[in-house]
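This report covers how two chains are arranged and how they meet. The sequence and structure come first.

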2 protein chains.
Amino acid sequence: MQAIVNISLKNGVLDSQGKAVHHALDALKFEGVKNVRIGKQIVLNLETNDEAKAREEVTQMCEALLANTVIEEYTIELVK
Amino acid sequence: MQAIVNISLKNGVLDSQGKAVHHALDALKFEGVKNVRIGKQIVLNLETNDEAKAREEVTQMCEALLANTVIEEYTIELVK
């Protein structure tokens with residue numbers, strides 16, 4: 001099964017990459033953008049098809065390596 | 001409304017960041033991972049609430065700035 005992990009900066013943490021993209025969109029005359037936030041999307045193909053096991057394993061991966069939980073939050077979506 | 005843009009490398013393009021993460025997961029004894037691909041998730045808050053207009057505008061943003069369409073593909077999801 002496939003696990004899709006979305007990692008984004010917590011609210012209140014300055015997103016300098018997002019600010020730069022917002023600025024560049026303004027420079028290209030794209031108006032009507034209020035805010036830009038940039039995160040990561042990590043797609044893992046797993047051998048297991050057990051949803052509970054997959055969720056537990058991916059949560060451990062996020063805590064140990066994938067996300068910096070001081071400044072980032074993550075969501076896990078499982079797809080068969 | 002909010003636009004969520006997921007940008008990932010096209011199939012066949014080497015994802016060196018994904019390979020590095022896969023290697024690190026192996027080193028941490030997370031077994032059962034077949035493949036890792038890493039992309040970007042860009043969340044745009046837009047002033048408009050017109051879905052058709054938003055989709056057209058965000059597509060233009062992707063083509064002009066957000067994605068490198070030679071090696072990347074993108075999906076756009078709109079949330080009210």
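Which residue of β2(B) does A:Asn35 stand opposite? A:Asn35 stands opposite B:Asn45.

## Basis

This is a predicted model, in which local features need pLDDT of at least 70 and side-chain atom pairs count only at pLDDT 80 or more, while totals for chains, interfaces and linings use all residues. Residues are numbered from 1 along each chain as its sequence is written, chains are lettered from A and ligands numbered from 1 in the order in which they are written, and side-chain values use heavy atoms, with hydrogens and water left out.

## Strand pairing

Strands here are DSSP runs of E with at least two residues, and helices are runs of H or I with at least four, both numbered from the N terminus. Two strands pair if DSSP finds at least two bridges between them. β2(A) and strand β2 (residues 33-46) of chain B run antiparallel and are joined by 13 bridges. Along this pairing, A:Val43 stands opposite B:Arg37.

Within chain B, strand β1 (residues 2-9) is joined to β2(B) by six bridges, again antiparallel. B:Ile4 has B:Val43 as its bridge partner in β2(B).

## Interface

The contact (heavy atoms within 4.5 Å) takes 29 residues from chain A and 29 residues from chain B. The area buried between the chains is about 2600 Å², with 64% of it from carbon and sulfur atoms; buried area is the accessible area (1.4 Å probe) that two parts lose on being put together, summed over both. In chain A, A:Phe30, A:Gln41 and A:Asn45 lose the most area to chain B, together 20% of what that side buries.

Across the interface the rule finds zero salt bridges (a side-chain nitrogen of Lys or Arg within 4 Å of a carboxyl oxygen of Asp or Glu). On the side of chain A that touches chain B, α1 (16-27), β2 (33-46) and α2 (51-66) each supply at least two residues. β2(A) gives the most to that side, with 14 residues.
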